[in-house]
Amino acid sequence: MREREEQGASGVLGFAPVLPQLTLRQLAKVDADGVPASQGIVAATSRLQRRRAEREARRRLRDWYRSLSGQGEKAAEPDAAGDALPRTHGAGRRLGLAHYAPAIPWHSASVQQAGVLDPFVVSGYPPFDGPVIGESSLSGAVWRYDAWQPYQTHAATSVNGWVIGLMGSGKSMFLKMFATRETAAPWNRRVIIEGDPKGEWARVARSVGGQVVSVGAGSYLNVLDPGRRPVARSERDWRGDVLGIQTQAIRSIAAAMRQDGIAGIDEQESGIVDAALNHYLDREQTPTIAGLVDLLVSQWPEQTPVKGVGQTDRRSAADRLILLLNPLVEGAMAGAFERESTVDVDPASPMLVFDTGSASDGNEQKKTLYMAAMSATVERLCAQRDGLFRIVIAEEGHELLSNPELVRAWDRRIRLSGELGVSNWFLMHELGDLSSFGEEGSEHRNTMMGILTKSEAQVVYAQSSSSLEQMTRLLPDLTLREINTIRALPDFCALWRVGPRVRDVVRPYVGPEAYDVFQTDKNRQG
């Protein structure tokens, strides 16, 4: 406290961020508790196996920190508990994986004001349980987080979130760490990566025993296959679910394929699609894109009445749909989604990665198609109602934002997150990216903004000045203190905003083996 000279003032309290640290013993335990570790240790292992894994992780950690710091055997100094956390410099500091002097400003208030629970003045112990994420740079406490904790603790009304940050700020590293630790016991969340254009999630999925879904080269994924009816779902309700999943798949593919500014399908085409899908349902058959094209080529459109669409219009709408879908059967887009599935997608897999990077021939429209088609399978998995809790991550948010139908599907899934047991997480570089998709005030733009505002877990990494200006318009409760904190964030540090009350600055912790799996910046260093 320092006394103020003004008459009647009682003084000012200053609060400085601390230098948090985990001991090697603690960090090794994090590695052995479900993060990709040397022996793939999980919670079911015996105490002896766990101790051995922790000893091995500690040894590897020491070696790794020494190599980063360029120091010898004396690089690690015992702490008060008799353990050691080496202090690193140079590369280690840049990686954000050891000590740093956080560039978070001091926070001060008068003694009178200090009675107000300003989250940056009285941060307290992090309120959530869950897997270890890292440590609070404000309080020094270990920060834990599970996607459903804010709702369970009444800190928020939503289980959804988004992550935003400049390239190289650490957002992708955090998401990989968060996802893998959520799959570990006792949380046992199922993680779905809705599109992996760079192939960086494949090794993450394999490290936790997950599955990578790739198509092409003889592998097919039928986007119109709804899967099996859940036991708890009635025939009538399931029929409605199936029609919704299949119609959304056609709409998303149409939005990806059309180049004339038309989004999705028009009313006449929608009527034909609904009639065709009901045709297959009545016969208890699973449609395919190739089968649907064959049906439309036949005399079926003329012979099948569709309310509100005359015979001539039915033929015209069917022909437009043929032109739309036939490239997936006989054109440049063929060989991935038009036939019955040869890829068996496991809904219980701890991590499912949909490899949209398998469209690697530089065809942007093909990449957009892969995103739309694979997202249809994600929707089907989320509709299973099988008692599993899933975290769906859009790794490249701008790929999803370019398709209005996928944006509507994402928004709908957010609204149904409580019923479906799904937590949706969106990753972007900057909020300024939103200006690239949809005009101000358009339905597309408003839906995108709604997705962000309905997601109450907001993890903000370093941002540009222009993006911060847009962020203040999107988040009217963003304070000047939070803006200044975002400006000062070091790499790998993020401002967490959870619900209306929880605010903290969190620095994640990863071990060397996890870092090798998660990192994607090797080639950026030259």
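Trainee: Which residue in β12 does A457 stand opposite?

Mentor: A457 faces V498 in β12. Strands here are DSSP runs of E with at least two residues, helices are runs of H or I with at least four residues, and both are numbered from the N terminus. This is a predicted model, in which local features need pLDDT of at least 70 and side-chain atom pairs count only at pLDDT 80 or more, while totals for chains, interfaces and linings use all residues. Residues are numbered from 1 along each chain as its sequence is written, and side-chain values use heavy atoms, with hydrogens and water left out.

Trainee: How many bridges between β11 and β12, and in which sense do they pair?

Mentor: Four bridges, in the antiparallel sense, with β12 covering residues 494–498. Two strands count as paired if DSSP finds at least two bridges between them.

Trainee: And β5, does it run parallel or antiparallel to β11?

Mentor: Parallel, with four bridges joining β5 (residues 161–164) to β11. G161 of that pair is opposite A457 in β11. β5 also has four bridges to β10 (residues 422–428), again parallel. In β10, M428 is the bridge partner of I164.

Trainee: Which way do the residues of β11 point?

Mentor: A457 and V459 point one way, Q458 and V460 the other, and all are buried. Buried means under 20% relative accessible area, exposed means over 50%, and partly exposed is in between, with a 1.4 Å probe and protein chains only.

Trainee: What is the strand order in the open sheet?

Mentor: β4-β3-β13-β12-β11-β5-β10-β9-β6-β8-β7, which is eleven strands with mixed pairing. The edge strands, each pairing on one side only, are β4 (142–144) and β7 (211–213). Ignoring direction, neighbouring strands in this sheet are turned by 25° against each other on average.

Trainee: How many residues of β3 are buried?

Mentor: Five of its five, so to speak mostly covered, over residues 132–136. β3 runs antiparallel to β4 and is joined to it by three bridges. V132 has R144 in β4 as its bridge partner.

Trainee: What sits between β3 and β4 in the hairpin?

Mentor: Five residues, and in that hairpin G140 takes a positive phi near 80°. β3 also pairs with β13 (residues 502–508) in the antiparallel sense, over three bridges. There, G134 stands opposite P508.

Trainee: Changing topic. Which strands does helix α12 lie across?

Mentor: Helix α12 (residues 364–382) lies across β6 (190–193), β7, β8 (351–354), β9 (390–394) and β10, at about 155° to β8. Axes are lines fitted to C-alpha atoms, for helices over the stretch in contact, and angles run from 0 to 180 degrees between N-to-C directions.

Trainee: Where is F337?

Mentor: F337 is in the loop between α11 (311–325) and β8.

Trainee: Why does F337 count as buried?

Mentor: Because its relative accessibility is 1%. Leaving aside neighbours within four places in sequence, F337 is in contact (heavy atoms within 4.5 Å) with V215, Y220, L221, N222, V223, I289, L369, Y370, A373 and M374. N222 is 115 residues away along the chain, yet the two C-alpha atoms are 5.2 Å apart.

Trainee: At what angle do α7 and α8 pack?

Mentor: About 135°, with axes 10 Å apart, for α7 (residues 235–257) and α8 (residues 267–282). That makes α7 oblique to α8; angles under 35 degrees are roughly parallel, over 145 roughly antiparallel, 65 to 115 roughly perpendicular, and the rest oblique.

Trainee: Which residues meet there?

Mentor: From α7, R239, V242, L243, Q246, T247, I250 and R251; from α8, S270, V273, D274, L277, N278, L281 and D282.

Trainee: Whole chain now. How many helices and strands?

Mentor: 19 helices and 13 strands. The chain has 526 residues, of which 55% count as buried. Of contacts between residues at least 6 apart in sequence, 72% join residues at least 24 apart.
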